[in-house]
Amino acid sequence: MKSRIAILFALFALSSIVAVGQITPTEMRVSGLKEPVTVRRDARSIPFIEAKNDADLYFVQGWVTASDRLWQMDLLRRVARGQTAEIFGTAALERDKEWRRFGFADVANESVSQLTPELRDALNSYARGVNAYIATLDEKSLPVEFRILQYKPSQWTPTDTIVIGKILADALSTTWQNDLLRASLSKLSKEKYADVTNQVTPFDVVLYGTDKPGGRGEIRPESAGIDESALASAARQNELREQSLAMLGLYAEDLAASNNWVISGKRTADGKPILANDPHLSPTAPGIWYLTHLSTPTMRVSGVTFPGVPGIILGHNENIAWGATNVGPDVQDLYVETFNDKGEVKTPTGWEKPAVQKNEIRVRTNPLKTDTTVVNYDVTVTRNGPIILDEGGKRYALKWTARDPKNSEFEAFFGLNRAKNWEEFKRALKTYGGATQNFVYADSKGNIGWYAAGRIPLRKTGDGALPYDGSTNDGEWTGYIPFDELPHLYNPPAGLVVTANQRIVGTDYKYPQMSRDVATPWRARTILNDLNAKQKIKSDDVRDVQYETFNIPLDALAKRIVKDAAASAETLAVLKSWDGKMAADSRGAVLADEIRSCVARKIANENKPLPFFLVRERITDWAIRENVARWLPSGFKDYDDLLKTCDSSVRVSLADPKRLGPEEANWVWGRMFQSHYPHPLAAVPFIGAQFVVPSIPIAGSSQSPNVGSNVSMRHIATPGNWETTRHIIPLGESGDPRSSHFKDQFDAWQSGTPMIFPFSKSAVEKAAVEVVTMLPK
């Protein structure tokens with residue numbers, strides 16, 4: 001009897017504990033739903049949306065995302081449509097003009113009819129959800145940015161989602177300025193031109209094909225007649241572009257955006273594959289990614305998406321995980337158009353009247369009022385595309401894959417969210433029309449793979465490296481690289497695939513436009529070296545590689561300086577003890593980086609119009625390593641002499657009180673390399689302080705796997721063991737600076753503390769700290 005009473009008491013106590021631990025759902029009724037939808041949020045306020053059908057799922061995703069990021073969503077569509085001057089005034093007018101040239105609003109309208117019915121339904125459901133949330137807002141509950149700027153959000157439409165995809169295309173596939181640059185370098189010697197265009201290095205991580213023996217770089221164009229004013233004008237346009245994209249958190253310097261890799265189970269501790277991904281984009285507050293978990297009776301998927309876009313862009317479902325990095329092929333061409341006095345443009349069949357795209361841009365006249373004036377802006381459009389540059393007596397039209405309504409940025413992700421295996425993964429990627437990406441893959445059955453997917457044009461003549469004569473058909477696009485001929489691997493023998501925007505194809509690959517404008521190989525080589533040095537790899541090992549700060553070119557430079565005593569005794573003492581890592585407290589990192597930049601600047605100054613960034617990344621390290629005489633600036637007897645001179649000037653510069661000051665103990669990397677998350681309104685007097693995210697010293701560099709603040713999210717997944725998935729963004733889920741979730745993930749993002757993203761129904765229920773049931777009204 002006593003034992004029975006004890007058992008009953010224990011059961012009562014247990015049930016009481018369970019009852020205390022349960023969360024009573026909050027109910028709310030919403031017009032537009034078909035059936036009840038449950039929204040759970042965990043300690044990071046990540047939404048876990050459980051619906052019984054796709055329409056309700058995407059409706060609630062739109063609602064929930066808007067509740068956290070509505071002003072960010074509005075800003076994204078305004079930038080793409082060229083409508084920011086309406087809220088920011090004349091300071092934004094020239095940026096709006098740049099975006100209007102592309103005609104993305106019209107492209108988006110035409111694109112809707114090209115979508116599959118399923119994706120079109122998803123976009124419509126998402127838009128209805130956003131608008132249902134907007135309908136609940138009043139003057140007091142509007143996000144603070146709307147109140148500061150004194151306007152209300154307009155209705156969300158499916159085309160708003162589509163134009164966000166076009167911003168991504170611009171951020172990750174803009175290369176037309178490089179066509180002008182190559183044409184302008186005809187003044188260089190043939191040897192120097194070959195050096196600048198050469199992409200083969202001892203550090204390359206080539207995944208597909210091999211390098212043919214002999215040959216270095218491209219053949220110099222004899223004469224392209226590019227006026228330097230055209231380059232200057234293109235540079236000014238790029239500055240406006242950078243301002244817009246950086247404000248959104250989408251600027252990718254030199255198209256270098258991201259690391260990813262996938263490891264076979266035969267190389268891991270638990271025998272299961274591991275997939276890792278960390279995209280690199282300009283930092284902003286809030287960040288560009290939004291963590292979300294979606295489930296219906298037929299689909300369960302989690303990861304990140306862009307505010308304003310339904311579904312999951314990067315993440316995993318119950319069967320596969322995927323990640324992406326930018327490839328950077330040439331998908332833009334310039335055409336020099338010939339006009340007559342009548343305004344007609346010359347074509348292969350005679351003179352034709354070009355189209356004129358008329359725009360009315362609303363410009364706020366006073367920052368304290370909502371009054372606007374209209375600025376008329378006309379864009380001339382030839383058969384090749386819009387005129388985007390009119391300088392030096394020449395007018396250049398742009399042809400670009402992103403302006404083709406048939407090329408969808410989001411169709412593939414709708415398929416990836418539901419893919420169960422490699423074949424379905426490929427089938428989804430075959431529909432991908434956005435900026436070409438290195439998609440890595442791992443599944444719960446132990447398979448791994450990689451596919452470089454996107455629409456890469458084939459030209460009638462040449463490969464798009466230089467501007468074409470618009471009056472001929474030489475630059476006509478005849479199709480795209482066939483999907484089956486795009487680089488890919490499935491279960492490679494090495495059991496490892498690494499991409500970090502490096503050259504992925506050998507020189508024997510028949511389509512050179514695939515890798516003409518790729519990033520340097522430093523990050524990819526460091527990742528590969530680190531992973532190859534590990535046995536029985538675990539998630540913590542993968543995390544450590546994501547946070548790796550070793551810098552190959554600076555480490556090599558430091559060793560060269562020490563070996564040849566090519567610096568002052570003070571600098572040599574620092575560099576001798578430096579480990580090549582870009583730690584926040586490192587003095588060696590500062591000196592090596594400054595000396596390298598000094599050398600690059602001196603070389604660039606003697607080889608104008610060759611830009612500094614190109615010399616720094618393509619010439620400097622190789623020239624010093626090989627003692628290449630043709631690149632040694634005049635006035636120096638050898639590279640050691642140049643290094644000593646740079647060391648002296650660098651030390652003077654660093655000692656300037658306006659920089660790091662005379663106390664050498666303060667010359668540490670963290671003084672120069674800090675976290676930085678600007679909000680578009682942070683600089684506004686009196687009211688901007690609420691949006692400021694404090695800057696702190698951090699580790700990393702652009703040549704190491706860890707690139708600091710530009711790491712826009714980190715993801716590590718083990719297929720088949722989804723409850724160990726780690727996924728984190730730099731700041732937080734909320735765009736409201738008053739929210740506790742505005743920047744609650746920063747400490748873990750900086751330190752590498754694992755942040756688990758629950759996946760199964762039971763794990764999600766256990767992690768929930770808030771539950772809302774949305775009911776049909």
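Asp 593 touches Leu 554 and Trp 669, with residues up to four places away in sequence left out of the count; contact here means heavy atoms within 4.5 Å. The model is predicted, so to speak of local features requires pLDDT of at least 70, side-chain atom pairs count only at pLDDT 80 or more, and totals for chains, interfaces and linings use all residues. Residues are numbered from 1 along each chain as its sequence is written, and side-chain values use heavy atoms, with hydrogens and water left out.

Asp 593 is found in helix α18. Helices (H or I, at least four residues) and strands (E, at least two) are DSSP runs, numbered from the N terminus. At 17% relative accessibility, Asp 593 counts as buried. Buried means under 20% relative accessible area, exposed means over 50%, and partly exposed lies in between (1.4 Å probe, protein chains only). Asp 593 and Ser 701 are 108 residues apart along the chain, yet 9.7 Å separates their C-alpha atoms.

Leu 554, one of the contacts of Asp 593, is among the buried residues of helix α16. This helix covers residues 552-563 and has 12 residues. From first C-alpha to last it reaches 16 Å, close to the 16 Å expected at 1.5 Å a residue. The expected span is 1.5 Å times one less than the number of residues. Ile 552, Pro 553, Asp 555, Leu 557, Ala 558, Arg 560 and Ile 561 of α16 are also buried. The buried residues of α16 pack against α14, α17 (569-576), α18, α19 and α20.

The structure holds one disulfide, defined as a pair of cysteine sulfur atoms within 2.5 Å. Cys 598 and Cys 646 form this disulfide, with their sulfur atoms 2.2 Å apart. Cys 598 lies in helix α18 (residues 588-605) and Cys 646 in helix α20 (residues 639-655), so the pair ties together parts that are 48 residues apart in sequence. The torsion about the S-S bond is about -80°, so the disulfide is left-handed. Cys 598 counts as buried, at 10% relative accessibility. Cys 646 is buried too, with a relative accessible area of 0%.

Charged pairs form another set of links. Side chains of opposite charge can pair when their charged atoms come close. A salt bridge is a side-chain nitrogen of Lys or Arg within 4 Å of a carboxyl oxygen of Asp or Glu. A search of the whole structure finds 45 salt bridges.

One of them again involves helix α18. The side chains of Glu 617 and Arg 596 meet in a salt bridge, at 3.6 Å from N to O. The pair links distant parts of the chain: Glu 617 sits in helix α19 (residues 612-626) and Arg 596 in helix α18, 21 residues apart. Glu 617 is buried, with a relative accessible area of 17%. Arg 596 is buried as well, at 2%.

Another salt bridge joins the side chains of Asp 160 and Arg 77 (2.8 Å, N to O). Asp 160 lies in helix α8 (residues 158-173) and Arg 77 in helix α2 (residues 54-81), so the pair ties together parts that are 83 residues apart in sequence. Both Asp 160 and Arg 77 are buried. Salt bridges that share partners join Asp 74, Arg 77, Arg 78, Arg 81, Glu 86 and Asp 160 into one network.

The side chains of Glu 485 and Lys 510 also meet in a salt bridge, at 3.1 Å from N to O. Glu 485 lies in the loop between β21 (477-480) and β22 (488-490), and Lys 510 in the loop between β23 and α14, so the pair ties together parts that are 25 residues apart in sequence. Glu 485 counts as partly exposed, at 29% relative accessibility. Lys 510 is exposed, with a relative accessible area of 56%.

Strand β23 also belongs to a sheet. Five strands form this open sheet, in the order β23-β4-β5-β24-β25, with antiparallel pairing. Two strands pair if DSSP finds at least two bridges between them. The edge strands are β23 (496-499) and β25 (726-728), each pairing on one side only. The twist averages 5° from one strand to the next. Axes are lines fitted to C-alpha atoms, for helices over the stretch in contact, and angles run from 0 to 180 degrees between N-to-C directions. Five bridges join β4 (residues 259-263) to β5 (residues 274-278), and these strands run antiparallel. Val 262 has Leu 275 as its bridge partner in β5. Helix α14 (residues 522-532) packs on the sheet and touches β4 and β23. The direction of α14 makes about 155° with that of β23.
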